[in-house]
Amino acid sequence: MANVIVIGAQWGDEGKGKITDLLSRSADVVVRYQGGVNAGHTIVVKGQTFKLHLIPSGILYPETKCIIGSGTVIDPQVLIGELDQIESLNISTNNLLISETAHVTMPYHRLIDQASEERRGVHKIGTTGRGIGPTYADKSERTGIRMLDLLDPQGLREQLEWTINYKNVILEKLYNLPPIDASVVIEEYLGYTERLRPYVVDTSLEIYQAIKQRRNILFEGAQGTLLDLDHGTYPFVTSSNPVAGGACVGTGLGPTAIDRVIGVAKAYTTRVGEGPFPTELSGEIGEQLCSIGAEFGTTTGRKRRCGWFDAVIGRYAVRINGMDCLAITKLDVLDGLEEIKVCVAYEIDGERSEHFPTNARKFARCRPIYKTLPGWQQSTSHCRSLSDLPSQALDYLKFLAELVEVPIAIVSLGASRDQTIIVEDPIHGPKRGLLQADGSPVSLKTA
């Protein structure tokens with residue numbers, strides 16, 4: 001039995017959906033523990049593309065139980081749309097469970113999110129406008145609507161009548177927007193009740209029982225470490241905790257139940273939205289990475305900013321998450337480059353630093369210190385083992401493992417399930433990490 005957390009080791013969009021999908025083969029339960037419809041996972045199976053925002057990636061495996069934990073915020077309209085999409089493809093959703101204490105995104109959350117972002121002007125933080133931040137704000141303010149409230153029509157009416165009256169004051173007085181008709185919202189959300197009722201349970205109890213039965217449980221986060229509310233590049237962050245610790249809070253699980261933490265990082269770095277990005281590329285190579293890597297957001301379609309791999313934030317992600325292995329994705333995107341740079345440290349106000357600064361203003365002044373490696377200039381998309389890789393590609397992976405100080409367990413070379421090198425199975429396999437082509441272990445110490 002192994003309980004494994006999969007987290008993003010950069011700013012999100014690292015390819016967690018594919019890695020979660022791969023690991024779900026060995027999992028009995030897959031749990032989504034935070035975030036909302038501002039996140040998106042794209043999975044390609046036999047040429048068919050699935051774009052999921054709330055439902056865990058494990059839904060594509062019929063025997064896998066999928067859970068949306070209490071740390072998530074749920075837009076019922078989007079969730080039902082995903083259920084319809086999945087069921088139209090003859091994939092069962094009978095194994096899906098939704099936490100009764102997960103909070104619900106309402107129409108006023110979206111309106112406030114969009115109006116607030118617009119009012120920020122040049123100080124905008126780059127939200128998706130999907131109402132996630134205001135939903136979490138209501139959760140903290142203790143005025144939120146939870147999934148269990150949808151199952152109580154009379155209670156929901158009473159709660160929403162008061163809440164919408166309160167929100168209308170904000171919409172009218174602060175943002176100069178027309179008020180919301182409470183009766184329309186109430187009827188809309190009551191309409192979601194019967195469709196979602198069969199899925200809503202005490203998911204913390206379900207997870208606890210699965211642990212007692214010694215099931216393999218996979219916890220998947222949304223976004224990435226550098227977007228964490230407490231440990232990311234604040235204020236350019238999300239409104240929840242994507243880090244590994246968030247899995248315990250967002251599911252009602254004790255930390256002693258976690259066995260492993262696997263981080264997912266691209267072979268380069270991307271960021272969507274606003275905020276500092278030391279290794280960002282503004283020229284031809286950045287455009288090349290964006291084009292070849294199809295770097296457009298699953299949720300919004302926004303173009304992602306692209307840059308070289310940043311080992312400073314990589315080491316930070318290892319430390320913050322207690323990460324013990326890494327999955328590297330999109331290695332194939334680098335195939336055509338003559339040389340590849342890796343940020344090994346920062347220069348901050350004239351001084352070298354190998355540590356991530358938590359001060360956003362200081363982080364904005366960071367200048368990358370690069371190590372340049374030779375490219376391999378040949379396709380890797382067909383590689384299925386380490387011995388298939390060009391020697392320069394293998395050297396690049398070993399260099400990344402050395403810099404971030406954890407072994408690499410998985411290498412992804414394309415969007416499809418089969419375009420993957422699994423060095424070790426993080427659920428069942430021994431903890432060995434990236435191997436040399438001859439099968440001997442790679443030393444993580446600098447030669």
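The lining of the largest cavity divides into eight nonpolar residues, two polar residues and no charged residue. The model is predicted, and the cavity is one computed from its atoms. About 40 Å³ of space lies inside. The count of cavities of 30 Å³ or more comes to one. Ala9 and Gln10 line the largest cavity, together with Ala265 and Phe309. Gly314, Ala317 and Val318 also belong to this lining, as do Met323, Leu326 and Val404. Helix α11, residues 311-321, gives the most to the lining, with three residues.

The second largest pocket has a volume of about 240 Å³. Its lining holds 14 residues, and the closest to the pocket centre are Tyr136, Lys139, Ser240, Asn241 and Val249. Two elements give two or more residues to this lining: α4 (132-141) and α9 (245-249). Helix α4 gives the most, with three residues. By class, the lining of the second largest pocket has nine polar residues, four nonpolar residues and one charged residue.

Most residues other than glycine have a negative phi, and most peptide bonds are trans. Arg142 has a phi near 65°, a positive value in a residue other than glycine. Arg142 sits in the loop between α4 and α5 (147-150). The peptide bond from Tyr234 to Pro235 is cis, and its omega is near 10°. Pro235 is found in the loop that runs between β10 (217-220) and α9.

Helix packing was examined for two pairs. Two packed helices are described by the angle between their axes and the distance between the axes. In the pair of α3 (residues 107-120) and α6 (residues 153-174), the axes come within 11 Å and cross at roughly 20°. Angles under 35 degrees count as roughly parallel, so α3 is roughly parallel to α6. The crossing of these two helices, α3 and α6, is left-handed. On the α3 side, the contact involves Tyr108, Leu111, Ile112 and Arg119. These residues meet Leu160, Thr163, Ile164, Lys167, Ile170, Leu171 and Leu174 in α6. By class, the contact of α3 with α6 comprises eight nonpolar residues, one polar residue and two charged residues.

The second pair joins α2 (residues 76-88) and α7 (residues 182-196). These helices, α2 and α7, pack at an angle of about 40°, and their axes are 10 Å apart. That angle makes α2 oblique to α7. The crossing of α2 and α7 is left-handed. From α2, the contact draws on Pro76, Gln77, Leu79, Ile80, Leu83, Asp84 and Glu87. Their partners in α7 are Tyr189, Tyr192, Arg195 and Leu196. The residues of the contact of α2 with α7 divide into seven nonpolar, one polar and three charged.

Definitions and conventions. Residues numbered from 1 in each chain as written. Predicted model: local features only at pLDDT ≥ 70, side-chain atom pairs only at ≥ 80, totals over all residues. Heavy atoms only, no water. 1 Å grid on protein atoms, 1.4 Å probe; cavity = no way out; pocket = protein on both sides within 12 Å on 5 of 7 lines; lining within 4 Å. Points joined across faces, edges and corners; volume = space filled by probe spheres on them. Helix = DSSP H or I, 4+ residues; strand = E, 2+ residues; numbered from the N terminus. Nonpolar A, V, L, I, M, F, W, Y, C, P; charged D, E, K, R; others polar. Axes fitted to C-alpha atoms, helices over the stretch in contact; angles between N-to-C directions. Parallel < 35°, antiparallel > 145°, perpendicular 65-115°, else oblique. Left-handed = near helix turned anticlockwise from the far one by under 90°. Contact = heavy atoms within 4.5 Å.
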